[in-house]
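Dear colleague,

Below it I have set out what was found, going through it part by part.

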Amino acid sequence: MNENWVTSIGLDIGTSTTKFIVSRLLVNETKNRFSLPGVQIVDRQISYTSKIYTTPLKEENAIDVEALSLILAAEYKRSSVKLGDVKAGAVIITGETARKENAEAIIHYLAEKAGNFVIATAGNDLEGILAGKGSGAQKRSNEMDGIIANVDIGGGTANVALFQHGKAIQTCTFHVGGRLIRLSESGLVTYISPHIQPWLTAHHMMVKKGQTASYRQLYAIGEKMSEAMLSFLTGKPALHAELLQTAPLKKPMEPVQEIMFSGGVAHMMEQPRPITLGDAARHGDMGPLLAYALREAAVFYPAEVKAAQETTRATVIGAGMQNTEVSGATVFVDEAVLPLKNVPIVKVTVEQDEVWDADLFEKRVKQAIQQAVCLYEGNQPFAIALLHISYCTYAMLTAIAEAIQKAFDQHCTESTQIVVICESDMAKALGQVLAKQGPPDRKIICLDQIDFTHGDYIDLGLPVAGEAIAVSVKTLAFS
Amino acid sequence: MNEVVDRLKNYTPARIGVGRTGTRPLTKEFLSFRIDHAAAVDSVYGEVAPELLESFQLFSVDTCIETKEHYLTRPDQGRLLSEAGEKMIWEKCVKQPQVQVVVSDGLSANAIEENMADVYPALMDSLEANGLSAGTPFFVKGGRVGCMDAIGELLKPDVFVLLIGERPGLVCAHSMSAYMCYRPRAGTRESERMVISNIHRRGTPPVEAAAHIGTILSKMIEQKTSGVGLVM
């Protein structure tokens, strides 16, 4: 048994706050002499947490990258982490700051300063899942029957991830957050997010920028917002909940049995009720009132509220500690090609209803690769993700490899590499067949035991133990 | 409650949560037990079809075993080659190959019939991918793991791979093992042998197990040792 510690960092840049953590992941290689080797991340420990910073903004929602870089430089120094040691981790840009311009500026900065293996990523779905991993909701789902929702409420959005038996099964996002309405201490409204206007109008709630809002008015907004979201999560949507959703659901919602709250607003849920308007507006927004209203409303819904292990730092802990996984221990890798970052995942179904049809698969691969070539043009590598394989025979293996090589011969002649990922343990065998069939200058990367259900991009790192390499599956959905 | 039991049952193929009537098992469960037991017996007493061996171009040699009872009661005889077998190997095989591949029914002929089509070609790919060359493969009828020592004395390969049927159980009667050894010879210690076991459809994936053999063999050749002394 070999023990191997990997340093991972997490950085969460949200609408209102920015946090940084350093963690250590213990990669364990099991080499029992009677079976194939196995690699697992067996322990994840936090070794450093920063204080919570206010996200430096230049004007509305544009991140001040210079100020951010100063914070980061200081944090790196304080945590005494050397850039060269950082092997994994994630930077997540969330909420209303998750804009393309911000992301590009930060990615550019990080590429130079934050270590070669750090990924930049954003997107509500992924944030919701990471928060659920950081808050302890995912862990809890392993101990219970039924579904638990982690509701991560920050400044701009509430990112919900549903977990069942340890797996994220659904995500959804609401325009519910502490900073959607910003206030002065006297109750003067300084900002209203345009995202909640339609919902406010539907409820005949007239709050306008420049006007003074009363305690009761603001509390009513917080209360109705909480009730709309909770009614949606417990399976009986009411109060125009759909107007608060950022996007329609991809599949029908399953009612949840338990709810965990994380994020900045969740942190304030433990605090006593704000007495005066000045008290409620102490952060310059409706956050404290929303938190109180949410706590009061949650009692009336049929889902049990569970205390989160982490509230404010749930996302950054999820990003830093939980986002890195390792591939299977028997894989086929041409190390010269690694690391590969931001590789789009192209999903191809292998078996429909456990029926294997080689011709059908060949058509699907061809179609997927043609599409990928159009989308990602030229030499940009993409990863073919094989979906639904019940059992892979050698005959299937050969047919899969032939279909892929053939599609590359026809549509991807410039490409110098083939990247294939799958869930079932077969990558080494498939890689060997691919290598045997293809031209020698076409490099092969074939990895297994990767769960790519909730992501559309993958980062491939370097080997961390034996042949296994560090991977991060992510989304890059900028609004 | 039932859902919990069902979920737990997914973790194991063992007979848990099968129910009962009074103090006795349900008829359905009892029958399935009898079927699995029969399958295990059939695996031990079965024979690998000659057509299968032909399709992989394997010739067949005997050990000193005459009957199945003889095989079960005298493991030592399953480790020795018959005189005719030795002669055939000597005549037909490449001497001192880098890799010697041998297939044997062992305790489960079924294991060979079920897994050969997936394991054998993937093993050949694995040898090729690792730049290894194989000698002349063949089949040993009624073999024990130790028969690799007798063959090693004759052919003197650098490394040896024996694909052999495992002792069947009530969960699986077609599980195969791949035993590997650096320069097997008379007196090889058991600690020098290595194995990937439990190779079957629902166990160690056959194609992946085969694909990994080449990596292990390369390390054996590089380090000139196998078993507990090999650094993986």
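**Two hairpins in chain A**

In this predicted model, β8(A) and β9(A) make a hairpin with two residues between them, and His165(A), which sits in the turn, has a positive phi of about 50°. The pairing of β8(A) with strand β9 (residues 167–174) of chain A is antiparallel and runs over seven bridges, and within it Leu162(A) has Gln170(A) in β9(A) as its bridge partner.

On its other pairing, β8(A) forms a hairpin with β7(A), this one with four residues between the strands. Strand β7 (residues 148–153) of chain A and β8(A) are again antiparallel, joined over six bridges, and Ile153(A) is partnered there by Ala158(A) in β8(A). As for how β8(A) sits in the whole, six of the seven residues of this strand (residues 158–164) are buried, so the strand is largely enclosed by the rest of the structure.

Just after α6(A) comes Gly235(A), which takes a positive phi of about 95°.

**The annotated positions in chain B**

The unreviewed UniProt entry carries a "binding site" annotation that covers Val145(B) and Glu166(B). Although these positions are spread over 22 residues of sequence, they cluster in space, with a largest C-alpha distance of 10.0 Å.

Are they buried or exposed? Val145(B) has 20 other C-beta atoms within 10 Å, and it is therefore buried, since 20 or more is the cut-off; Glu166(B), with 22 C-beta neighbours inside 10 Å, likewise counts as buried.

Val145(B) lies in the loop between β3 (138–141) and α8 (147–155) of chain B, and, leaving aside residues up to four places away in sequence, it touches Leu162(B), Ile164(B), Tyr179(B) and Arg193(B). Glu166(B) lies in the loop between β4 (159–165) and β5 (176–182) of chain B, and its contacts, with the same exclusion of residues up to four places away in sequence, include Gly106(B), Ala111(B), Ser175(B) and Ser197(B).

**Where the chains meet**

The contact between the chains takes 25 residues from chain B and 20 residues from chain A. On the side of chain B that touches chain A, the elements giving two or more residues are α1 (2–9), α7 (109–129), β6 (194–199) and α9 (206–223) of chain B, and the largest share, eight residues, comes from α7(B). The residues of that side divide into 14 nonpolar, five polar and six charged.

**Confidence**

The model scores ipTM 0.91 and pTM 0.82, and chain B averages a pLDDT of 95, with 100% of the residues scoring at least 70.

With best wishes

Note on methods
Residues are numbered from 1 along each chain as its sequence is written. Chains are lettered from A and ligands numbered from 1 in the order in which they are written. This is a predicted model: local features need pLDDT of at least 70, side-chain atom pairs count only at pLDDT 80 or more; totals for chains, interfaces and linings use all residues. UniProt positions are given in the numbering used here, feature names are shortened, and annotations may be inferred rather than shown by experiment. A residue is buried if 20 or more other C-beta atoms lie within 10 Å of its own, exposed if 12 or fewer, and partly exposed in between; C-beta atoms are placed from the backbone. Two residues are in contact if their C-beta atoms, placed from the backbone, lie within 7 Å. Ala, Val, Leu, Ile, Met, Phe, Trp, Tyr, Cys and Pro count as nonpolar, Asp, Glu, Lys and Arg as charged, and the others, Gly among them, as polar. pLDDT is the predictor's confidence in each residue, from 0 to 100. Two strands pair if DSSP finds at least two bridges between them.
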